[in-house]
Structures are given as C-alpha cells and as structure tokens.
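Trainee: Could you take me through one part of this model in detail, starting from a single side chain and working outwards? I'd like the cut-offs as we go.

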Amino acid sequence: NSIYPNPTESYIIIQNKENKTENFAYSIIDLTGRIVKNGKSKFSEEINIESLASGNYIIQIETESGEKLVEKLIKN
C-alpha cells in the first residue's frame with residue numbers, strides 16, 4: 001500500500017497493491033494523538049486534507065476485510 005503525494009499540500013491518494021477499489025475507514029492523527037480528520041474512502045480516491053495545518057501526521061487505515069495500515073504523512 002502506498003500514500004501519494006507525500007509530502008502533500010491538498011490531497012492524498014491511497015493505493016493498494018492489487019489496485020482494488022475496496023472501501024476503508026481512515027483516521028488522520030496529529031503528533032499529540034488527536035484525531036484531526038477521519039472518514040471513509042476507497043483506494044485510488046482522493047482524500048482532501050487542505051484544512052489540516054502544515055506538519056507531520058499519522059494516518060491509520062482499516063479495510064473492510066480487516067487489514068490495518070499505519071503510515072506517516074507530511075502536510076506542507
């Protein structure tokens with residue numbers, strides 16, 4: 001799985017290896033542990049993060065099949 005563009009200014013796309021368009025739930029967490037954005041999306045679909053302040057974040061993803069992913073995210 002990969003997140004791009006990263007670093008980013010306005011949006012991210014999360015792609016999975018199989019190029020499936022499976023749904024997932026996500027949480028974007030700042031370095032104090034606070035959830036700053038969460039919701040549902042699909043692989044290969046844009047997630048808008050323009051409203052987030054610049055900085056480092058962690059994004060946690062859980063797919064419908066229960067697969068979990070944690071990645072660092074840098075917002076310019």
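Mentor: Leaving aside residues up to four places away in sequence, Ile28 touches Arg34, Ile35, Val36, Lys37, Ile49, Leu52, Tyr57, Ile58, Ile59 and Leu73; contact here means heavy atoms within 4.5 Å. Keep in mind that this is a predicted model, where local features need pLDDT of at least 70 and side-chain atom pairs count only at pLDDT 80 or more, while totals for chains, interfaces and linings use all residues. Residues are numbered from 1 along each chain as its sequence is written, and side-chain values use heavy atoms, with hydrogens and water left out.

Ile28 belongs to the largest nonpolar core, a set of 15 residues in which Ile12, Ile14, Ile28 and Ile59 have the most contacts. Strands E2 (11–15), E3, E6 (55–63) and E7 (68–75) each supply at least two residues of that core. By nonpolar core I mean buried Ala, Val, Leu, Ile, Met, Phe, Trp, Tyr and Cys joined through side-chain atoms within 4.5 Å, and buried means under 20% relative accessible area, exposed over 50%, partly exposed in between (1.4 Å probe, protein chains only). Strands are DSSP runs of E, at least two residues each, numbered from the N terminus. As a rule, nonpolar side chains in soluble globular proteins tend to be buried together.

Next, the sheet. Four strands make an open sheet in the order E4-E3-E6-E7, with antiparallel pairing (two strands pair if DSSP finds at least two bridges between them). E4 and E7 are the edge strands with a single partner each, so one side of each has no neighbour in the sheet. On average, neighbouring strands are turned by 20° against each other, direction ignored, using axes that are lines fitted to C-alpha atoms, with angles from 0 to 180 degrees between N-to-C directions.

E6 and E7 run antiparallel and are joined by eight bridges. Ile59, which we met in the core, stands opposite Glu71 in E7. E7 also holds Lys68, and Lys68 is exposed at a relative accessible area of 62%. Lys68 touches Ile61 and Glu62, again not counting residues up to four places away in sequence. Lys68 and Tyr26 are 42 residues apart in sequence, yet 9.8 Å apart in space, C-alpha to C-alpha.

Tyr26 brings us to the rings. There are two aromatic pairs. In one, the ring centres of Phe24 and Tyr26 are 6.5 Å apart and the planes sit at 65°, so that pair is edge-to-face. In the other, Phe24 and Phe43 have centres 4.9 Å apart and planes at 45°, so that pair is tilted. Phe24 is in strand E3 (residues 23–30) and Phe43 in the loop between E4 (35–42) and E5 (46–48), so the pair ties together parts that are 19 residues apart in sequence. The criterion: rings of Phe, Tyr and Trp (its six-membered ring) pair if their centres lie within 6.5 Å, with planes under 30 degrees apart stacked, over 60 edge-to-face and the rest tilted. Phe24 and Tyr26 are buried, as are Phe24 and Phe43, and Phe24, Tyr26 and Phe43 form one aromatic cluster.
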